[in-house]
Amino acid sequence: MSAKLIDGKALAQTLREDVGAAVAALRTAHGAAPALAVVLVGDDPASQVYVRGKVRQTEAAGMISIERRLPATSTQEEVENTVEALNKDPDVDGILVQLPLPAPLDETAVIEKIDPAKDVDGLTKANAGRLLLGMPGLRPCTPTGCVMLAKQALGDLSGKDCLVIGRSVLVGKPAALLFLNENCTTTIAHSRTRDLAQKCRAADILVAAIGRPNMVQGDWIKPGACVIDVGINRVDDASAARRYRLVGDVDFDAASKQAGHITPVPGGVGPMTIACLLRNTVLAACARRGWPLPAQIQ
Ligand code: NDP
C-alpha cells in the first residue's frame, strides 16, 4: 500500500475533545450547556444503534441529551407535533430526526418542521439554501466531515479538481457545494454519468457517496489522489463474528496502491459525522442564545 491512511477516528476524537472543551467554557461563562434532542420513530435496529451512539457522545462532550421515542405507528401529525414542541422549548438547541422514518411518514415534511436555527443536520430548505448562496448556516454533518478529512490530508484545497459521485440531498449535493466553497473545481457524477472511470481518473479529490460495495476500482484512481469513501455497505462474510463486514464504495486495497491519501471504512467518514453533529449543536446554541463562539471550535 502506498496511500497514507486518513484517520477519521483520530480526527473525530480531536474534534470531540475540542467540542468538550468549548462546552466546558460555555458552562463556566453562562451556567448552561447546549442541548441536543434526537427524535426516533419506530424500532429499526440500525437507527437504535445510531441514536445510542449520538446520545452517548453528546453526554460525553458535556452536553444535554434529550430523547423523544415514538412508536412506528405514529401519525404524521404526532411526529410533527413532537418536532414543534422541541422548536418551542427554549432549552433545546439542536433537533435531529433520525432517518429513515417508517413508511408512510413523509420525511421531507417532518424535516421542514424543524426550526432552521435548531436544524443541526442542515437539511431544511433554509439551511440548504444558505449553503447554496454561500451564507452562514448549519451545514450537513457527513459532507462537512468529508471536507475536514480532505483538508487534514491536503491542507488548502483551492484549485483542486474534485469529483463527487452521488447527488443525494443528504451527502452528494451538499458535499459538492462545500468543496466548491473551498475553491475546488467540482464535478458531480451519478447513475447516468457517462465514462465514470475516465472522470475519476481526472480527480485530485474523489468523494464516493454511492452505496455500492467496492464499486470504484483501483485503476480509476488518479495516482496520488485523495480518496474520501463515504459508503457504508454490509457484505456477507461467513468468517466474521457478526457474519458480515462493512466495506465502502471504493475497492480499498486496489485504490490504496494508486491514491496518495485514502479514508478507511470503517474509521473514516463515519466517526466524523457524529463529531460534526456535536460541533453543529454548539454552533446552533451560540447563534441562538447570542453567546460568543468559544475559541476551541472557531
Ligand atoms: P443515495 O442512495 O441517496 O444516493 C446514492 C447516489 O449514488 C445517487 O445519487 C445515485 O445516482 C448514485 N449512484 C448509484 N449508482 C451509481 C452508479 N452505478 N454510478 C454512479 N452513481 C451511482 O445514498 P446516500 O447519499 O444517502 O448514501 C451514499 C452512501 O453513503 C451509502 O453507502 C450510505 O450508507 C453512506 N452514508 C454514510 C454516512 C456516514 O456517516 N459515513 C452518512 C450517510 C450516508 P442517481 O441520483 O442517479 O440515482
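Pro143, Thr144, Cys146, Val147 and Ala150 of helix α6 meet Pro174, Ala175, Leu178 and Phe179 of helix α7, where contact means heavy atoms within 4.5 Å. The residues of this contact divide into eight nonpolar, one polar and no charged. Here Ala, Val, Leu, Ile, Met, Phe, Trp, Tyr, Cys and Pro count as nonpolar, Asp, Glu, Lys and Arg as charged, and the others, Gly among them, as polar.

The model is predicted: local features need pLDDT of at least 70, side-chain atom pairs count only at pLDDT 80 or more, and totals for chains, interfaces and linings use all residues. Residues are numbered from 1 along each chain as its sequence is written, and side-chain values use heavy atoms, with hydrogens and water left out.

**Domains**
- The chain is divided into domain 1 (30-115) and domain 2 (141-270); the bounds come from an automatic or database domain assignment.
- The centres of domain 1 and domain 2, taken over C-alpha atoms, are 29 Å apart.

**α6 against α7**
- Helix α6 spans residues 141-154 and helix α7 residues 172-181. Helices (H or I, at least four residues) and strands (E, at least two) are DSSP runs, numbered from the N terminus.
- The two helices pack at an angle of about 40 degrees, with axes 8 Å apart. Axes are lines fitted to C-alpha atoms, for helices over the stretch in contact, and angles run from 0 to 180 degrees between N-to-C directions.
- α6 and α7 are therefore oblique to each other. Angles under 35 degrees count as roughly parallel, over 145 as roughly antiparallel, 65 to 115 as roughly perpendicular and the rest as oblique.
- The α6 and α7 crossing is right-handed. A crossing is right-handed if the near helix is turned clockwise from the far one by less than a right angle, and left-handed if anticlockwise.

**α10 and its partners**
- Helix α10 (residues 269-289) packs on α6 at an angle of about 110 degrees, with the axes 8 Å apart.
- α6 and α10 are therefore roughly perpendicular to each other, and their crossing is right-handed.
- From α6, the contact uses Cys141, Thr142, Thr144, Gly145, Cys146, Met148 and Leu149. From α10, it uses Val269, Met272, Thr273, Cys276, Leu277, Arg279 and Asn280.
- The residues of the α6 contact with α10 divide into eight nonpolar, five polar and one charged.
- Helix α2 (residues 45-60) also packs on α10: their axes come within 10 Å and cross at roughly 50 degrees.
- α2 and α10 are therefore oblique to each other. Their crossing is right-handed.
- Gly53, Lys54, Gln57 and Thr58 in α2 meet Ile274, Leu277 and Leu278 in α10. These residues divide into three nonpolar, three polar and one charged.

**Salt bridges**
- The whole structure holds seven salt bridges, each a side-chain nitrogen of Lys or Arg within 4 Å of a carboxyl oxygen of Asp or Glu.
- Asp93 and Arg288 form a salt bridge through their side chains (2.9 Å, N to O).
- Asp93 lies in the loop between α3 (76-88) and β4 (94-97) and Arg288 in helix α10, so the pair ties together parts that are 195 residues apart in sequence.

**Backbone features**
- The Leu99 to Pro100 peptide bond is cis, with omega near 0 degrees. Pro100 lies in the loop between β4 and α4 (107-113).
- The Ala103 to Pro104 peptide bond is cis, with omega near 5 degrees. Pro104 is in the loop between β4 and α4.
- Asn183, a residue other than glycine, has a positive phi near 70 degrees. Asn183 sits in the loop between α7 and β6 (185-189).
- Asp195 is not a glycine, yet has a positive phi of about 50 degrees. Asp195 is in the loop between β6 and α8 (196-201).
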